[in-house]
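Start where the packing can be followed residue by residue.

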Amino acid sequence: MTSLKWFRKGMKNGIPIAAGYFAVSFALGIAAKNVGMDAIQAGYMSLSMLASAGEFAAISLIGSAAGILEAILTTIVVNMRYFLMSVSLTQKLSEEVRPLHRFLLPLFITDEIFGLSATVEGDLKPAYTYGIALPSVAGWTAGTVLGVIVGNILPVWAGNALGVAMYGMFLAIVIPPAKTDHFIGLLVALSMALSFLCSVLPYISKIGSGFRIIILTLLLSALAAWIKPREVEV
């Protein structure tokens, strides 16, 4: 197929993703509004950083008046998986693809976009990923902006209730794999318990929330890799 046909196919496949992103980012916009961000600021954040967990962490850090270094490091750690996805996806590109596409493609990588792009038979055409990204990014950004606008209209109690939807999204991500792999469930429970302890223990609780996320992420990841290393197929 030509690049144009791949792009159109990507747009078609990206519409369901856009619908899901719109619903999730609406709650993200509510959370952004609650920490004092306006529609332009929140919309630009969603447009430039396509990461639900990363953006939610950034919003939490903004609300707690975290420092710039803390915010940058936390965002890098939380979004580290996208680096691995990008490296993996570029292996599906043919040698004829220009280096420019190898740099641009990772900018649009999310879990869902990566999943669709990675399942393409044969070489991946960059136009296909760009096609998926167009409606997906539009839905993600529009939902965030609308969430801020509606959050300014709704009563405080209603805005706070919708903000809780973000936590529901994370539970929906965590519970399915935890049900099939008890080790993941144990790791999630441990991370929640340690996070709570770090927020109330003397001295440790005085560390910024972003740095606590970084420390816990690195420690728990290392612990999980040591206890249950993933077997590599040869």
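This is a predicted model: local features need pLDDT of at least 70, side-chain atom pairs count only at pLDDT 80 or more; totals for chains, interfaces and linings use all residues.

Residues are numbered from 1 along each chain as its sequence is written, and side-chain values use heavy atoms, with hydrogens and water left out.

Take Glu55 in helix α3 (residues 52–63). Helices are DSSP runs of H or I, at least four residues, numbered from the N terminus. Glu55 has 0% relative accessibility, so it counts as buried (under 20% relative accessible area, 1.4 Å probe, protein chains only). Beyond neighbours within four places in sequence, Glu55 contacts Leu28, Met45, Ser46, Met49, Leu50 and Trp140 (heavy atoms within 4.5 Å).

Next comes the partner helix. The axes of α3 and α4 (residues 68–78) come within 9 Å and cross at roughly 160°; axes are lines fitted to C-alpha atoms over the stretch in contact, with angles from 0 to 180 degrees between N-to-C directions. The two helices are therefore roughly antiparallel (angles over 145 degrees). Ala53, Gly54, Ala57 and Leu61 of α3 meet Glu70, Ala71, Thr74 and Val78 of α4.

Now the core. The largest nonpolar core holds 34 residues, and Ile59 and Leu124 touch the most other members. Such a core joins buried Ala, Val, Leu, Ile, Met, Phe, Trp, Tyr and Cys residues through side-chain atoms within 4.5 Å. Its largest share, 8 residues, comes from α8.

Terms used:
Buried means under 20% relative accessible area, exposed over 50%, partly exposed in between (1.4 Å probe, protein chains only). Angles under 35 degrees count as roughly parallel, over 145 as roughly antiparallel, 65 to 115 as roughly perpendicular and the rest as oblique.
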